[in-house]
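Look at the sequence and the 3D view before reading on.

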Amino acid sequence: MTTEALPVVAVRRRTFGRLMAGQTGPVLVVVTAIIVLWYAGAIWLNTPWQIDLFERGGVEWSNADLVRATLAQDRPLLPAPHQIVAEMRKTIIDTPITSKRSLVFHSWVTLSSSVLGFAIGAVLGILLAVGIVHVRSLDKSLMPWVISSQTVPILAVAPMVIVVLAAIGVRGLVPKAIISTYLCFFPVTIGMVKGLRSPDPLQMDLMRTYNANRWQTFWKLRWPSSMPFLFTSLKVAVAISLVGAIVGELPTGASAGLGARLLAGSYYGQTIQIWSALITAAILAALLVTLVAAIERVTLRRMGMGV
Amino acid sequence: MSSRFDPWCAVATVLAILALAFPVAGGEAPLLWWGAPAAAGGLAIFLLTVLHFAWRRPTGAGHNIILLAAVAVGCASALGLVHGGGAGGHTTFGFWLFVFGLWAATWRGLDGLAGVRSFDAGRQRLIDLSVPVLFGLWLVFLLEVGTVGFGVPQVLLPAPSMIGARLAGSLDILAADFQQTFLKAVLIGYAIGCGTGFMVAVLVDRVPFLQRGLLPLGNLVSALPIVGMAPIMVMWFGFDWPSKAAVVVIMTFFPMLVNTVTGLTAAGAMERELMRSYAAGYWQTLFKLRLPAALPFVFNALKINSTLALIGAIVAEFFGTPIVGMGFRISTEVGRMNVDMVWAEIVMAAIAGSAFYGVMALTERTFTFWHPSYRERR
Amino acid sequence: MTAVPVPPVSLATPAPAPESRRRVVDTRGLSLTFQTADGPVYALSDVDIAIEQGEFVSFIGPSGCGKTTLLRVIADLEQPTGGDIQVNGVSPREARLGRAYGYVFQAAGLYPWRTIERNVALPLEIMGVPATERRERVRQHLDLVGLGGFEKKFPWQLSGGMQQRASIARALCFDPELLLMDEPFGALDEIVRDHLNEQLLRLWDKTGKTVVFVTHSIPEAVFLSTKIVVMSPRPGKIIDVIPTDFDRDRTLDIRETPGFLEVAHRVRQGLRAGHSYDD
């Protein structure tokens, strides 16, 4: 009765105060601080090369010139945020989507395979979890391997899957999707096994008193109770499937996709290109997770579990 | 089930008898029947055992072990047939019917073993451990007879025996790669990443404003494809292990930060008020209450990070390395189609990853033995 | 943190003579209002109370009557919004910084990673008591609550009643003058509760501590107390203060005596008067 209440001290909360008391304000402040630090870092990291350039060119330069020049290099060690934004603007908005230089095109290539892989992986993971929960020997024999597979750096297999599949003529979307499938599969299985086992003994006993069969118990109790667990693992899986697709684009020297952009950028020292591909990938990941979270919110609210 | 026969063993019996009616190998190769004494002996032992089991339906740990031993004999004769028995690459119906028979019997044996309940805790643990191990061995066997029996090209999927041979044959290369990737990049990056993540978390915890600002961002970063930072790190820190360690640092930092910050809020209100009633200072409360209460969260991050660190280091090597390292080896040997070497490297990565995780899990258990998730087992 | 000198163990000292009593807790017009989303909640309103040294005072009342809040104000875990309060002649904050009281919560609140022994030693560690003295005091107080032999056990290996006894030992081991107990036996079953009530009474008799005890059980309050403070909710205020004069070495059998029933009846009437049954 006492702990959750607030002291009576009348604080008149203005908008600013409310902003800073929640999460939005602090996040904005931290993001601003990161951007400021980024600029400072860009100037600091790019200065030696720039001074070198000035001296070789025999140019007279002031500190202001130096700062301006470090933030406008062609291949800076650390590009300034506005350079990345400009590059992204150029390659996302100003370039036609069909062009090979469009980041939208590359994002689509990566996104399509990761979403395909995610969908297959999630379905397989759920099916396996259902099997494990209902078949004792699957639980005893397979589950330990599923759990310990989490400790294995699965991503290391990616190049081989790509190359081996290319050797037998499978290229393009599918091999990358297979890697994403493989990566999504295990977290979903583990989350779902936990979720399908989450009804407490009391609830299970209740179903027994109704003489409910396995099918009814599954649809009326196990499946609904597993929803929060499902979405938690789906959020992990969707993020990891994007990583899988990107890494899947590395080994073959693929010509399309965000991973290919990263690799090409690193070959030719195009740092601005690397960073813009990276930021785009980050935005995609955030969007995918947000999308799953939104579906989670709607679903759970409909089921009366929402907050 | 109330059927007169044990269903799985009955299936195994039928399949094994049917197997006798077909040749073991054929196709372009000369027909091969169950003539060789080793193969025929193995099949006979297996057949008699499953027949007995199908008829008498014995249960209990001991009987299931006998059944699985008979399966092992059958597996051995199958392996003998594909390796040196002349059936490799040309297996036909007879052989595969036999393998399916083995499968049915294995299933019955493992299912029986999985259902055994012992009051002796040590024995129970042994059984719980042996079921997945035997299952794993069975999968390796399937892979072996599958690849060798069908003559799958080595480029596509090398047989486990080949991978094993390659593993044993290139221990020096593997050791060098392990040293470069694991002992240098992974361990150093892991230590720095987890250490700074932890310390920043303790600092952030003192400033609630930073906590509210950093925590959502930290959560966001955990979902981002951080391995993509690898090319940039290679540019900044060069081709050798420091750039890989840097990727590992970035990958491990945020999970540790987020988990520790969450963990530091895990101590209950009552426990905090108790400290307050003793007029305990910030550091006393931190060391005597909040850090111990945060330990399960810290160890959670340490476990997650043990896997992330290895992934980060290996993938970072795809972007350029000196000519040593696990990621380097994987990417170059894939290019040369030496798939068995790649697999050997992956097996090593798997062992290293599981061992690293296992060490963390054991340490966790010794330090957080008091946590409800461990208490039941004491 | 500087070490505050802890007074020597005073188990042997008998209860002080009645005439030399001084006020351990003294409040005047004390009030506390919580600001919530649904408007202000008057947890305490104009509370005057005096608790003298060596007394055993119970606060009793329905939930929401502010009895726990009052205890928390005494412990400086809650700040009053009006009136005066003194603990040991100083403000609650100074009293807390001087380690004047031991607090026993509803749950034992033992740290699961510490053995019973080290749990009881926790306040001593914080207060900078040297290790040898620490050991001695822990042993003494574990014996006092009848937990000798359980030093090396972990809290979760003990029953709820034993855990709560350990938490009482923890509250007593640095020898505070005042023991504040917030429904310490509320979560235990009645059989264990009766047993612990008797033990607590012996303990109080032996140590001569001043005890402030929050409960919602009438028999418990009547059995334990020298003074029963009946409170009522909305706003939280004192309805009646009932002194009792049972023998210090009473046992549970007293609960069937007419004297006991009479006091219990008066408590019940006070509760009824203060409680509106419209909710």
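## The model and its confidence

The structure is a predicted model. Its overall scores are ipTM 0.80 and pTM 0.81.

Confidence can also be followed along chain C. The mean pLDDT of this chain is 84, and 91% of its residues reach 70 or more. Residues 8-18 of chain C are a stretch where pLDDT stays under 50. For these residues the model has 15 contacts beyond four places in sequence.

## Chain C

Chain C contains eight helices and nine strands. Its radius of gyration is 19 Å, close to the 19 Å that the globule rule gives for 279 residues, so chain C is as compact as a globular protein of that length.

How much of chain C is buried? Buried residues account for 46% of the 279 residues. Contacts in chain C can also be sorted by sequence separation: of those between residues at least 6 apart, 73% join residues at least 24 apart.

## Domains of chain B

Chain B has two parts, domain 1 (7-152) and domain 2 (168-375). Taken over C-alpha atoms, the centres of domain 1 and domain 2 of chain B are separated by 42 Å.

## Where chain B touches chain A

In the contact between these chains, 47 residues of chain B meet 46 residues of chain A. Which helices of chain B each supply at least two residues of the side that touches chain A? They are α4 (93-114), α5 (121-150), α8 (208-222), α9 (230-237), α12 (282-317), α13 and α14. The largest share, eight residues, comes from α14(B).

Sorted by class, this side of chain B has 37 nonpolar residues, eight polar residues and two charged residues.

## Helix α8 of chain A

Helix α8 of chain A covers residues 158-167. Its buried residues are Ala158(A), Pro159(A), Ile162(A), Val163(A) and Val164(A). An α-helix has 3.6 residues a turn, so residues three or four places apart point the same way.

What do the buried residues of α8(A) pack against? In chain A, their partners are α9 (173-196) and α11 (214-248). In chain B, they pack against α13 (326-335) and α14 (339-367). After α8(A) comes Gly169(A), which has a positive phi, near 95°.

Key: Residues numbered from 1 in each chain as written. Chains lettered and ligands numbered in written order. Predicted model: local features only at pLDDT ≥ 70, side-chain atom pairs only at ≥ 80, totals over all residues. Helix = DSSP H or I, 4+ residues; strand = E, 2+ residues; numbered from the N terminus. Rg over C-alpha atoms; globule rule 2.2 N^0.38 Å. Buried ≥ 20, exposed ≤ 12 C-beta atoms within 10 Å, placed from the backbone. Contact = placed C-beta atoms within 7 Å. Domains from an automatic or database assignment. pLDDT = per-residue confidence, 0-100. Nonpolar A, V, L, I, M, F, W, Y, C, P; charged D, E, K, R; others polar.
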